[in-house]
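Look at the sequence and the model first, then follow the text one region at a time.

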Amino acid sequence: MKMVFRWFGENNDTVTFQQMKHIPGVEGIAWALHDELPGAEWPMEKILEIKEQAEQAGLHIHVVESVNIHEDIKLGLPSRDKYIENYKRTIAKLAQAGVKVICYNFMPIFDWLRTDLYKEASDGSTALFYEKSKVNGLDPFELVKQINQNSDFTMPGWEPERLQHLTALFEAYKDVTVEDLWDNAKYFLDEIIPFAAEHDVQMAIHPDDPPWPIFGLPRIITSQDHIRKYLQLHDSPYNGLTLCSGSLGANPDNDIIGMIHEFADRIPFTHIRNVRVFDNGDFIETSHRTQDGTVDIKGIVQAFHENDFEGYCRPDHGRHIWDEQCRPGYGLYDRALGIMYLWGLWDAYRQVTTIEGKKVQQ
Ligand code: DNO
């Protein structure tokens, strides 16, 4: 298991490379050119700039999260070919710079969704929270406004530039069915996967967060059956999965451990975090520790271990603790604690053997 840490860029993150390096076992960043809008071809100079910065700090850039997909691709519009071409050119450049895995999602309009970025727990810490009834009764425009007002940071998936066209986007999706979205995903994969394979870059689809349709928009990467179907749409090791325990765990019916066993050889990247799901379907993000939420983090790490997981892993959203001022969900402290918990579990499953008098872990 290779540990990486998400980084949002110099001007949009409070965590420094040096701080990341102080967390045991962190070897790289999960990064993106956050200024580039979906559909754009990423400039090589900017890619190389990040590479140089990261490598100087002793961190690699093997994992990109995310190269976002233009809505025209998800909508299946004729203009998608132009954006698919740009996507390929970006893949080629990233490959040239040494990138091995590209995480992306196929969610219409929105990326992740929460109703509260700073929900307070009884111990005074705060965390991202999803209140089901609020989403069901809420106008998406109102929510976008609230999310952007309550954050000093640009939130990926919720960029004001992207969202200023919200009315037009909702109109465009009006007649797009779940079947259409599957067809459009297949079209994208048939174009992209052979190209990514040629460049030895593994594509890794991120599950929908939360894993159910919101605001009447279709969502397809929600369950084990749907993930299986997605991986089979274009059956290749380069069509992989970012197994995100928190996104999938928001639906307690999802058997995440079963998914790890079934899709093991198609998971180049995993996000591991915990959530507590309440009886009414609301959920709050918690510490990574198994007992603190409803996701069996211990079982997940064990399943990865049993499958000799050699892919990339990152801790995911953390709580805001110790008065840290940070991006919602992306502070240093709780994610660093999360990493140590993951390593603790991982190492506990490894066998220590003594070879020529020295302790070696396998
Ligand atoms: C949220 C993240 C997502 C994720 C994308 C992948 O914090 O897990 O925004 O990066 O869905 O494309």
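**A loop residue and its partners**

The side chains of aspartate 200 and tyrosine 238 are joined by a polar contact of 2.7 Å. A polar contact is a pair of N or O atoms within 3.5 Å; within protein, one must be able to donate a hydrogen and the other to accept it, and residues adjacent in sequence count only if both atoms are side-chain atoms. This is a predicted model, in which local features need pLDDT of at least 70 and side-chain atom pairs count only at pLDDT 80 or more, while totals for chains, interfaces and linings use all residues. Residues are numbered from 1 along each chain as its sequence is written, and side-chain values use heavy atoms, with hydrogens and water left out.

Aspartate 200 sits in the loop between α9 (178-198) and β7 (202-206). Helices (H or I, at least four residues) and strands (E, at least two) are DSSP runs, numbered from the N terminus. Apart from neighbours within four places in sequence, aspartate 200 is in contact (heavy atoms within 4.5 Å) with Lys100 and Tyr238.

What is the phi of aspartate 200? The value is near 55°, which is positive in a residue other than glycine. Most residues other than glycine have a negative phi, and most peptide bonds are trans. Phenylalanine 215, also not a glycine, has a positive phi of about 50°; its place is the loop between β7 and α10. Proline 210 is found in the loop between β7 and α10 (224-233), and a cis peptide bond with omega of about -5° joins aspartate 209 to proline 210.

Another cis peptide bond, with omega about 0°, joins glutamate 65 and serine 66. Serine 66 belongs to the loop between β3 (60-65) and α3 (71-75).

Now turn to the ligand. Of the 13 residues around the ligand (a heavy atom within 4 Å), Glu65, Ser66, Asp111, His317 and Tyr330 come nearest. An N or O atom in the side chain of glutamate 65 is 2.5 Å from an oxygen atom of the ligand. For arginine 6, a polar side-chain atom lies 3.3 Å from a ligand oxygen atom; for histidine 206 the distance is 3.4 Å. Between their C-alpha atoms, arginine 6 and aspartate 200 are 22 Å apart in space, and they are 194 residues apart in sequence.

Met44, Ile47, Leu48 and Lys51 in α2 meet Lys93, Leu94, Gln96 and Ala97 in α4.
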